[in-house]
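Subject: Structure handover

Hello,

Here is the structure I said I would pass on. My notes on it follow below the files.

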Amino acid sequence: MSDLPVGLTSPPAGYADWLADLKGRIHTAQQRATLAVNRELVLLYWQIGRDILARQASQGWGAKVIERLALDLRAAFPDMKGFSPRNLKYMRAFAEAWPDCEFVQQAAAQLPWGHNLVLLDRLDTPDERRWYAAKAIEQNWSRNVLNIQIETRLLARSGTAVTNFDARLPRLQSDLARESLKDPYRFDFLGLTDEAQEREIENALVRHVTEFLLELGAGFAFVGRQVLLDVGGDEFFIDLLFYHLKLRCYVVIELKAGKFKPEHLGQLGFYLTAVDRQVKSEHDGPTIGLLLCKTKNKVVAEYALGDKTQPMGIAEFKLLESLPAELQTSLPSIEQIERELTGSDASTEDDVK
C-alpha cells in the first residue's frame with residue numbers, strides 16, 4: 001500500500017474526464033443559483049415598487065412614507081442592503097416603467113439590479129429600454145459596457161450601414177449580418193485627429209483591439225492585420241481580418257481614410273474571393289466585406305453595391321466626436337501642457353505619475 005499523499009498518487013483511468021465534468025456541472029449550478037437569487041431580488045424590488053405606487057395612489061400617501069418605510073425595513077432586516085430611501089424610490093420608478101409583470105419576469109429579472117437602474121436613468125422610452133435590455137442579456141454586457149453602448153448611441157447606429165446583404169445572403173443570415181454592422185463606427189478611443197492616415201488608424205486599432213472589438217459588437221473575433229494572401233505569386237495584404245462566431249464566416253475590413261469611391265469595392269471583392277478560396281473551410285459561410293471610409297455619398301454607395309455578387313457593406317467611421325470641431329483644433333496638446341507644467345522641454349517619469 002502506498003504511503004504517498006493522495007494528491008501525489010496517479011488517479012484511476014477516466015478520473016480526469018469525470019473530474020472535469022463534475023467541475024463544469026458545479027460551475028453551472030453556481031451560475032444558476034446566482035441568477036435565481038438575482039431574479040428573486042429584482043422581482044421583490046418590483047413588487048415593493050408596485051405596492052408603493054398603488055398605496056400612494058389609493059391612499060394619498062406622500063413622499064415621506066418612503067423614508068419611514070426605509071427606516072422600518074432596515075430595522076427589521078439590518079443585514080440586508082437595498083432598503084435606502086433612494087433605492088426604494090428606484091423600486092417605485094422601476095415598477096412605474098415596467099407595469100407588465102410578465103416582461104419583468106422574462107427580461108428585466110435576468111439583469112442585475114444595477115443594470116436596470118442604468119436603463120432607468122439613461123433612457124427615456126420603453127422601446128429603448130427593451131432594446132438595450134435584450135442586447136445586455138444576449139451579449140452579457142457588464143454595467144460599464146451597457147453605459148458605454150448607451151453613450152455611443154448603439155441603437156441609432158445598429159443595422160444602418162449600406163449593404164447588399166438582402167440580395168446576396170440567405171434571409172436569416174442577411175438579417176443577422178445587417179444588424180451586426182453599424183454606421184458610423186466611433187473610434188474616439190484612438191485619440192487620433194481627422195487627418196490620420198489609413199496605416200496610422202490601422203495601427204491604433206490593433207493597439208486598442210479590445211475597444212475595437214467592443215465597438216464592432218458581439219460575435220467578432222480578431223484574426224490578424226495585414227494578412228498575407230499569395231495569389232499567383234503576387235502578394236496582397238488585407239488590412240484587418242475577423243471571424244464572426246454567429247455568422248460563422250470571415251469578415252474582411254478595409255480602411256479608407258478619405259471619401260468612398262466605387263473602385264474601392266473592386267479591391268475588397270478581390271480580397272473576399274481570395275479568402276473564400278484560400279482561407280475559409282467548407283463549413284464557413286461566404287466571406288463578408290466591410291469598407292470603412294471617412295465619408296460616403298449614400299446614393300453612390302448604393303449604386304456601387306448594386307451589381308456586386310459578394311456580400312459587402314459600406315460604413316463611415318468617426319475619429320473624434322467628444323469635442324466641437326472648433327475646440328479640437330484650439331486645445332493645446334499633451335506635450336504642450338507638460339512643458340508648461342514642468343518648465344522644460346520634456347516631462348519626467350515622476351511628472352507622468
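Arg186 stands opposite Lys318 in β7. This comes from a predicted model, so please read everything below with that in mind.

The pair belongs to a parallel arrangement in which strand β2 (residues 185-186) is joined to β7 by 2 bridges. Strand β6 (residues 288-295) also runs parallel to β7, with 5 bridges between them; here Gly289 is opposite Met312.

How enclosed is strand β7 by the rest of the structure? Of its 7 residues (312-318), 6 are buried, so the strand is largely enclosed.

**Helix α14**

Ala301, Ala304 and Leu305 are the buried residues of α14. They lie on the same side of the helix, because the arc they cover around the axis is only 95°. Their packing partners are β1, α13 (264-278) and β7. At the start of α14, the backbone nitrogen of Val299 has a side-chain oxygen of Asn297 within 2.9 Å.

**Salt bridges**

The whole structure contains 13 salt bridges. Some of them are described here.

- Arg25 and Asp21: the closest N and O atoms are 2.7 Å apart. Both residues sit in helix α1 (residues 15-59), 4 residues apart, or about one turn. Arg25 is exposed at 51% relative accessible area, while Asp21 is partly exposed at 38%.
- Glu40 and Arg39: the N to O distance is 3.4 Å. Glu40 is partly exposed, with a relative accessibility of 48%, and Arg39 is partly exposed at 33%.
- Lys64 and Glu67: the N to O distance is 4.0 Å. The two are 3 residues apart in helix α2 (residues 64-76), which means a separation of about one helical turn. Lys64 counts as exposed at 64%, and Glu67 as partly exposed at 43%.

Arg25 is classed as exposed because its 51% is over the 50% cut-off.

There is also a network of salt bridges, which links Lys135, Glu138 and Lys246.

Regards

Note on methods. Residues are numbered from 1 along each chain as its sequence is written. This is a predicted model: local features need pLDDT of at least 70, side-chain atom pairs count only at pLDDT 80 or more; totals for chains, interfaces and linings use all residues. Side-chain values use heavy atoms; hydrogens and water are left out. Buried means under 20% relative accessible area, exposed over 50%, partly exposed in between (1.4 Å probe, protein chains only). Two strands pair if DSSP finds at least two bridges between them. The arc is that of the directions from the helix axis to the C-beta atoms. Contact means heavy atoms within 4.5 Å. A polar contact is a pair of N or O atoms within 3.5 Å; within protein, one must be able to donate a hydrogen and the other to accept it, and residues adjacent in sequence count only if both atoms are side-chain atoms. A salt bridge is a side-chain nitrogen of Lys or Arg within 4 Å of a carboxyl oxygen of Asp or Glu.
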